[in-house]
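This briefing concerns the structure shown below.

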Amino acid sequence: MSNPDADSPLESPPNLESLRRLMQTLRTRANEMPEGSYTTKLLSGGPEKIGGKIREEAEEMIEAASEEGDAGREHFIYEAGDLIYHAMVLLAWRGVDIDEVAAELARREGTSGLAEKASRQPKS
Ligand SMILES: N=c1c2ncn([C@@H]3O[C@H](COP(=O)(O)OP(=O)(O)OP(=O)(O)O)[C@@H](O)[C@H]3O)c2ncn1[C@@H]1O[C@H](COP(=O)(O)O)[C@@H](O)[C@H]1O
């Protein structure tokens, strides 16, 4: 199935800064573990609890990917937000910043996944 949005032009991303702010909030939650916080509840359950939510949210995002129209697109974005939030909670639990993940992605920039995979295959 083709992706109708694949060719959308990339505009400047003014909201990406919110990822940094969210990461800071999540790291503070991990340090302080305040009561009355959903993030604290997740962090208290460790990778098992957080991972369970990541699996659940990934399923929901995948299901929403095929929904059509503007409402479908909005729902897909909503589910992606849930998945990314929960993935970032796992980063915070592990003491890793989203910037470190961005650095890893930057390191990979320009290397095709196919070329990277080939470089890992044992030479006979
Ligand atoms: N971005 C989010 C965010 N996205 C999703 N969620 C929550 O993630 C949950 C999604 O899980 P579900 O849809 O399965 O809802 P649920 O059935 O109530 O969840 P479960 O009880 O099954 O775990 C909902 O409770 C959402 O409110 C989030 N909760 C918090 N944040 C951010 O984290 C910050 C800190 O939140 P607290 O730590 O809770 O103060 C907030 O200010 C927000 O910026």
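A nonpolar core is a set of buried Ala, Val, Leu, Ile, Met, Phe, Trp, Tyr and Cys residues joined through C-beta atoms within 7 Å. A residue is buried if 20 or more other C-beta atoms lie within 10 Å of its own, exposed if 12 or fewer, and partly exposed in between, with C-beta atoms placed from the backbone. The model is predicted: local features need pLDDT of at least 70, side-chain atom pairs count only at pLDDT 80 or more, and totals for chains, interfaces and linings use all residues. Residues are numbered from 1 along each chain as its sequence is written.

**Confidence and fold**

- The chain has a mean pLDDT (the predictor's confidence in each residue, from 0 to 100) of 92, and 90% of its residues reach 70 or more.
- For the model, ipTM is 0.93 and pTM is 0.89.
- Six helices and zero strands make up the secondary structure of the chain; helices (H or I, at least four residues) and strands (E, at least two) are DSSP runs, numbered from the N terminus.
- Of the 124 residues in the chain, 9% count as buried.
- Two residues are in contact if their C-beta atoms, placed from the backbone, lie within 7 Å. Among contacts between residues at least 6 apart in sequence, 54% join residues at least 24 apart.
- The 16 residues of H1 should span 22 Å at 1.5 Å a residue, and the 23 Å between its end C-alpha atoms agrees with this; the expected span is 1.5 Å times one less than the number of residues.

**Nonpolar core**

- Seven residues form the largest nonpolar core: Leu26, Leu42, Ile50, Met88, Val89, Ala92 and Trp93.
- Helix H4 (residues 69–94) gives the most to this core, with four residues.
- Ala92 touches Leu26, Arg27, Arg29 and Ala30, not counting residues up to four places away in sequence.

**Ligand shell**

- Leu22, Thr25, Arg29, Ser37, Tyr38, Thr39, Lys53, Gly81, Asp82 and Tyr85 are the residues around the ligand, each with its C-beta atom, placed from the backbone, within 6 Å of it.
- At least two residues of this shell come from each of helix H1 (17–32), helix H2 (38–44) and H4.
- The shell has three nonpolar, four polar and three charged residues. In this classification Ala, Val, Leu, Ile, Met, Phe, Trp, Tyr, Cys and Pro count as nonpolar, Asp, Glu, Lys and Arg as charged, and the others, Gly among them, as polar.

**Loop residues**

- Met33 is placed in the loop between H1 and H2, just after H1, and takes a positive phi of about 45 degrees.
- Met33 counts as partly exposed because it has 13 C-beta neighbours inside 10 Å.
- Apart from its neighbours within four places in sequence, Met33 is in contact with Thr40 and Leu43.
- The C-alpha atoms of Met33 and Lys49, 16 residues apart along the chain, are separated by 16 Å.
- Glu67 lies in the loop between helix H3 (46–64) and H4.
- Glu67 has 13 C-beta neighbours inside 10 Å and therefore counts as partly exposed.
- Gly72, His75 and Phe76 are touched by Glu67, not counting residues up to four places away in sequence.
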